[in-house]
Amino acid sequence: MNMNTLDQGVILIVDDNPTNLELLFDFLANAGYTVLVAEDGESAIARAEYAPPDLILLDILMPGMNGFDTCQHLKNNPLTQDIPVIFMTALTDTVDKVKGLNLGAVDYITKPLQHEEVLARVKLHLKLSHLTKTLKEQNQLLEAEILERRRVEEKLREQAALLDITTDAILVRDLNNCIRFWNHGAEHLYGWQAKEIIGQDANKLLYKPQTLSQLQVVKKSLVEYGYWQGELQQITKDGKAIIVASRWNLMCDQDGQPRSILTVNTDITAKKQLESQFLRAQRLESVGTLAGGIAHDLNNILTPILTASQLLQLKLPNVDERSQQMFKTIESNTKRGAALVKQVLQFTRGVEGKRTIVQISHLFSEIKQIIEETFPKSIECATNIETELWTVIGDATNLHQVLMNLIVNARDAMPNGGNLTISAKNLYINEHYARMNIDARVGNYIVISVSDTGMGIEPETLERIFEPFFTTKDVGKGTGLGLSTVQGIVKSHNGFVNVYSEVSRGTEFKVFIPAVEATATSFAEDLELLKGNGELVLVVDDEAKILEMTRISLETYNYQVLTASDGVEAIALYAQHKDKISVVLMDMMMPSMDGISSIRALQKINSQVKIIAVSGLVTNQKLAASVVVKKFLAKPYTTKELLETLHSALIPVEVSH
């Protein structure tokens, strides 16, 4: 129906009386309606199906198909069922009127027709029809909107479910930092349930006050670009510090005005810890390479000084007391220098002591005695050693040094007194824990813990404490080698060190060392200096002073000596005197032809040649992987160590038949 106003429309008049048709046609046409006519029911139905009118005036009494049958047919057809039908009849029987209304008619007009009544009823029912059609269209639109809203709500429910399934923490805050959305991933990461945190200030709950400055760059980026991503330091409900990879997006309304901020956070704390451990290992390796080269040169310098100081004391036993004291001072300070060089090498696993089965619990009794006798009375010490503690394979002296370094650091961290706690326990490290620490392996460990209630360590300092020569102590109060030595020794035992510290509350060091199930045995040797029996020793070293002092020492104790300043000269001398030379003392670090190449050449001349490898840098294990040597002697060495090594190398091997 095309209508410009409500009183216009198309009306179909159905009547078998031409006079009635003519009168109604003229009257309604003059009133502004478009009028169609039909003289019987069949033609009325055909016209209505072809071009549905807005209203039908239908006579009841017609030949052939009467008005009731025509109305019923119209109402049964979907094309015409909504067209309002007004019956025109002279019948006054109520039964007939009810029948017509039951068939779907909307009204009756009784003949003879009154024009004003007809016009009023036509206007009323056209208006009602228009309102009905409008309402129906609105209902259809409303149903479509409801259907679309249900579809959107279902999609939102699916998206909400996905947000809760993800392990990332997803939160939405308004422009005042008030939290409006908090998914399950956020609950898991931070520890707060959604009902606890909705409506709270995100900045007060997720950040320490001193770390809020990191959000300045975030705010600036949101204003300029509408997004930001990077790393943030945050805290959980229980105060645990975490690091997250964070993505921020500024959400706007339909008018483009900022409305809220969507944040997605991923916990990368473990990843950052592993990266830190890896970078620290790389840093120590590079420093260790440099320190190793320096240590080699220092050991070459210290070796003749140490040997000479000991020889002077033996050769000049009757000199005055002051001279003797000077000789001892030279010897003791040379040993201190050698010990310092050894510390430099230990953190790179370059120096190894004698390995045996060690019962850690035996070390604690010595440590406790030292604490009681030398530490201030203001420091209270407590020990908690697990019964039936497992044993380790290691160097008792080195492990003792680890404990000493840690307890001395703990003492220095408590200048006004406090509590020092030392504990040890058995621990099995599983795959999960091993993945969290780059140095850990699955298996049994002994965990030694040294904790204090002292000053604690700042986070930026904590990252560097294992670096050699790094120290926070005043000049003259520390070399910066203590903790690097601790780490070097522990790593040489295939273990690792973790540290936990909080400023003003204290520090705890945990040392993890692989354990073995065995019985500890004591290892002690105190061999006397044994003189030689005139054996010929070939000494090879590129340092002239070392050659000279070693020759004097050996000749003093009844050995014969040949010296060579490089590998080429050593091979020539050995080829000439191989039947007389009992053992070769070979320096491993020489220019042109190094020790390993020289040893291989000597072994081609005589596969049974006895070699004592000498170095201030190369370890027993590295040598064993390269060439076969009888013994190893580390620079700088004392006369006692030199003679003991020679004696051990010259002991004949018993061959069983």
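Contact, as the word is used here, means heavy atoms within 4.5 Å. The structure is a predicted model, in which local features need pLDDT of at least 70 and side-chain atom pairs count only at pLDDT 80 or more, while totals for chains, interfaces and linings use all residues. Residues are numbered from 1 along each chain as its sequence is written, and side-chain values use heavy atoms, with hydrogens and water left out. The protein chain holds 21 helices and 22 strands, where helices (H or I, at least four residues) and strands (E, at least two) are DSSP runs numbered from the N terminus.

**The chain as a whole**

- Of the 657 residues of the protein chain, 41% count as buried, a term that stands for under 20% relative accessible area, with exposed meaning over 50% and partly exposed lying in between (1.4 Å probe, protein chains only).
- When contacts between residues at least 6 apart in sequence are considered, 64% of them join residues at least 24 apart.

**Confidence**

- The predictor's confidence in each residue is given as pLDDT, from 0 to 100; its mean over the protein chain is 82, and 85% of the residues reach 70 or more.

**Helices α2 and α3**

- The axes of helix α2 (residues 41-50) and helix α3 (residues 67-76) come within 10 Å and cross at roughly 25°, where axes are lines fitted to C-alpha atoms, for helices over the stretch in contact, and angles run from 0 to 180 degrees between N-to-C directions.
- That angle makes α2 roughly parallel to α3, since angles under 35 degrees count as roughly parallel, over 145 as roughly antiparallel, 65 to 115 as roughly perpendicular and the rest as oblique.
- On the α2 side Gly-41, Ile-45, Ala-48 and Glu-49 take part, and they meet Thr-70, His-73 and Leu-74 in α3.
- By class, this contact of α2 with α3 has three nonpolar, three polar and one charged residues, with Ala, Val, Leu, Ile, Met, Phe, Trp, Tyr, Cys and Pro counted as nonpolar, Asp, Glu, Lys and Arg as charged, and the others, Gly among them, as polar.

**Helices α18 and α19**

- Helix α18 (residues 567-577) packs against helix α19 (residues 595-605) at an angle of about 15°, with their axes 10 Å apart, and the two are therefore roughly parallel to each other.
- Gly-567, Ala-570, Ile-571, Tyr-574 and Ala-575 of α18 meet Ser-598, Ala-601, Leu-602 and Ile-605 of α19, a contact with seven nonpolar, two polar and no charged residues.

**Helices α17 and α21**

- Helix α17 (residues 544-556) and helix α21 (residues 639-650) pack at about 65°, with axes 11 Å apart, which makes α17 roughly perpendicular to α21.
- Thr-550, Ser-553 and Leu-554 of α17 make the contact with Thr-639, Leu-642, Leu-643 and Leu-646 of α21, and these residues divide into four nonpolar, three polar and no charged.

**His-125**

- His-125 is found in helix α5 (residues 115-165) and counts as buried, at 10% relative accessibility.
- Leaving aside neighbours within four places in sequence, His-125 is in contact with Leu-55, Ile-86, Val-106 and Asp-107.
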